[in-house]
Amino acid sequence: MNNRVIHINLSTVVLLCITLVVLFILTKSCDPKLLDLSKQQTEIDSISEVIKQLQSTQQKIDGTLVYHTRNIDSLNGAILTTQQQIIDTRSYYDSKIKDINRYNSSQLYYFFTNRYK
C-alpha cells in the first residue's frame, strides 16, 4: 500500500497553473487605496451638504415666486377694475359731451361751475 501512484491529467495541471496565476495577479493588482473609503465618504458628505443648501435655496426661491405670482394676480385684478372704471367714466362723459353740444351759454356756465366744485 505504500507504493501508491497518483495519476493527474495534463489538462488538470494546466488548469491548476492558470488558476494560481490568475489568483496571484488578482491579489497583487488589488490596490489598498481603492478600499480606503474615508476620502470618498468625505466627498460624498460634502456633496450632500451642497445639495441640502441648494434645496433650501430652491425652497426660498419657490416661496418668493409664489408670493410674486399672487401679487401679480392681485395687480392684474386692479388693472382690470381700473380699465372698467375708465370705460365707465369715458362713456359717462361721452354722453355729457353730446348733451353739452346742445347747451346754451348759461347752461354751459352752470355745467362747468358744478363740474369743478
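This is a short talk on a predicted model of one protein.

Some ground rules. Residues are numbered from 1 along each chain as its sequence is written. Because the model is predicted, local features need pLDDT of at least 70 and side-chain atom pairs need 80 or more, while totals for chains, interfaces and linings use all residues, and side-chain values use heavy atoms, without hydrogens and water.

Confidence comes next. pLDDT is the predictor's confidence in each residue, from 0 to 100. The protein averages 84. A score of at least 70 is reached by 88% of the residues.

Now the fold. How many helices and strands does the protein have? Four helices and zero strands. Both are DSSP runs, numbered from the N terminus: helices are H or I with at least four residues, strands are E with at least two. Along the sequence the pattern reads α-α-α-α.

Which element has the lowest mean pLDDT? Helix α2, residues 32-35, at 59. Helix α3, residues 38-100, has the highest, at 90. Where pLDDT is low, the predicted coordinates should not be read in detail.

Of the 117 residues, 2% are buried (under 20% relative accessible area, with exposed over 50% and partly exposed in between, 1.4 Å probe, protein chains only). The accessible surface is about 11,400 Å², by the Shrake-Rupley method with a 1.4 Å probe. Carbon and sulfur atoms hold 62% of that surface.

Last, the rings. The whole structure has one aromatic pair (ring centres within 6.5 Å; planes under 30 degrees apart are stacked, over 60 edge-to-face, the rest tilted). Tyr 92 and Tyr 93 form that pair, edge-to-face, with 5.0 Å centre to centre and 80° between the planes. Tyr 92 has 44% relative accessibility, so Tyr 92 counts as partly exposed. Tyr 93, at 33%, also counts as partly exposed.

Key: Rings of Phe, Tyr and Trp (its six-membered ring) pair if their centres lie within 6.5 Å; planes under 30 degrees apart count as stacked, over 60 as edge-to-face and the rest as tilted.
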